[in-house]
Amino acid sequence: MTEPTHISRTDLQILLRRAALRLRNSAAVSMEDDVEDALRNLAGEFGMTRNDAIRFIVREWMEKNTYLPVHSLDEDGGVEGSA
């Protein structure tokens, strides 16, 4: 068993930004068959395209791992507009 490779936060952010740009600029990203099946199922459940599902998954992962700021509402804060 090999030891995990450690990468600095800055280097990881650079790699993730490059990956996001490649996904954005790529006409098609190919995945393994099991991943493709899961993507199609997820996209169908949410009524989105496969590429939209990939963008959604990447954004969620980046927010949850603090590579992107999370947009959350403060419980005590006010809101503008109406629902």
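Predicted model: local features only at pLDDT ≥ 70, side-chain atom pairs only at ≥ 80, totals over all residues.
Q: What is the phi of Thr66 near?
A: The phi of Thr66 is near 60°, which is a positive value in a residue other than glycine. For context, most residues other than glycine have a negative phi.

Q: Stepping back, how many helices and strands are there in the chain?
A: The chain has 3 helices and 0 strands. Along the sequence, the pattern reads α-α-α.

Q: What share of the residues in the chain is buried?
A: Of the 83 residues in the chain, 12% are buried.

Q: What about contacts between residues 24 or more positions apart?
A: Such pairs account for 29% of the contacts in the chain with a separation of 6 or more.

Q: Let us turn to α2 and α3. At what angle do their axes cross?
A: Helix α2 covers residues 33–46 and helix α3 covers residues 50–64; their axes cross at roughly 95° and come within 9 Å. That angle makes α2 roughly perpendicular to α3, since the class runs from 65 to 115 degrees.

Q: Which residues make that contact?
A: From α2 come Glu36, Leu39, Leu42 and Ala43, and from α3 come Arg50, Ala53, Ile54 and Ile57. By class, the contact has 6 nonpolar, no polar and 2 charged residues.

Q: Glu36 is in that list. Is Glu36 buried or exposed?
A: Glu36, which lies in helix α2, counts as buried because its relative accessibility is 13%, and the limit for buried is under 20%.

Q: Which residues is Glu36 in contact with, leaving aside its neighbours within four places in sequence?
A: Glu36 is in contact with Val29, Ser30, Met31 and Arg50.

Q: What does Arg50 form with Glu36?
A: Arg50 and Glu36 form a salt bridge, with their closest N and O atoms 2.8 Å apart. The pair links distant parts of the chain, as Arg50 is in helix α3 and Glu36 is in helix α2, 14 residues apart. Arg50 counts as partly exposed, at 21% relative accessibility.

Q: How many salt bridges does the structure hold in total?
A: The structure holds 6 salt bridges.

Q: Which residue meets Arg55 in a salt bridge?
A: The side chain of Arg55 meets that of Asp52, at 2.5 Å from N to O. Both residues lie in helix α3, 3 residues apart, or about one turn of the helix. Arg55 counts as partly exposed at 49% relative accessibility, and Asp52 also counts as partly exposed, at 32%.

Q: And which residue forms a salt bridge with Arg59?
A: The partner of Arg59 is Glu63, and their closest N and O atoms are 3.3 Å apart. Arg59 and Glu63 are 4 residues apart in helix α3, so about one helical turn separates them. Arg59 is partly exposed, with a relative accessible area of 43%, whereas Glu63 is buried at 15%.

Q: Which residues do salt bridges that share partners join into one network?
A: The network consists of Glu36, Asp37, Arg40 and Arg50.

Q: Changing topic, how many aromatic pairs are there?
A: The count comes to 2 aromatic pairs. In one of them, Phe46 and Phe56 have ring centres 6.1 Å apart and planes at 40°, so the pair is tilted.

Q: Where in the chain do Phe46 and Phe56 sit?
A: Phe46 is in helix α2 and Phe56 is in helix α3, 10 residues apart, so that the pair links distant parts of the chain. Phe56 is partly exposed, with a relative accessible area of 38%.

Q: How are Trp61 and Tyr67 arranged?
A: Trp61 and Tyr67 form a stacked aromatic pair, 5.5 Å from centre to centre and with 20° between the planes.

Q: What are the relative accessible areas of Trp61 and Tyr67?
A: Trp61 is partly exposed, with a relative accessible area of 40%. Tyr67 has a value of 19% and is buried, because the limit for buried is under 20%.

Technical notes: Residues numbered from 1 in each chain as written. Heavy atoms only, no water. Axes fitted to C-alpha atoms, helices over the stretch in contact; angles between N-to-C directions. Helix = DSSP H or I, 4+ residues; strand = E, 2+ residues; numbered from the N terminus. Parallel < 35°, antiparallel > 145°, perpendicular 65-115°, else oblique. Contact = heavy atoms within 4.5 Å. Nonpolar A, V, L, I, M, F, W, Y, C, P; charged D, E, K, R; others polar. Salt bridge = Lys/Arg side-chain N within 4 Å of Asp/Glu carboxyl O. Buried < 20%, exposed > 50% of the residue type's maximum accessible area, 1.4 Å probe, protein only. Phe/Tyr/Trp six-rings, centres within 6.5 Å; stacked < 30°, edge-to-face > 60°.
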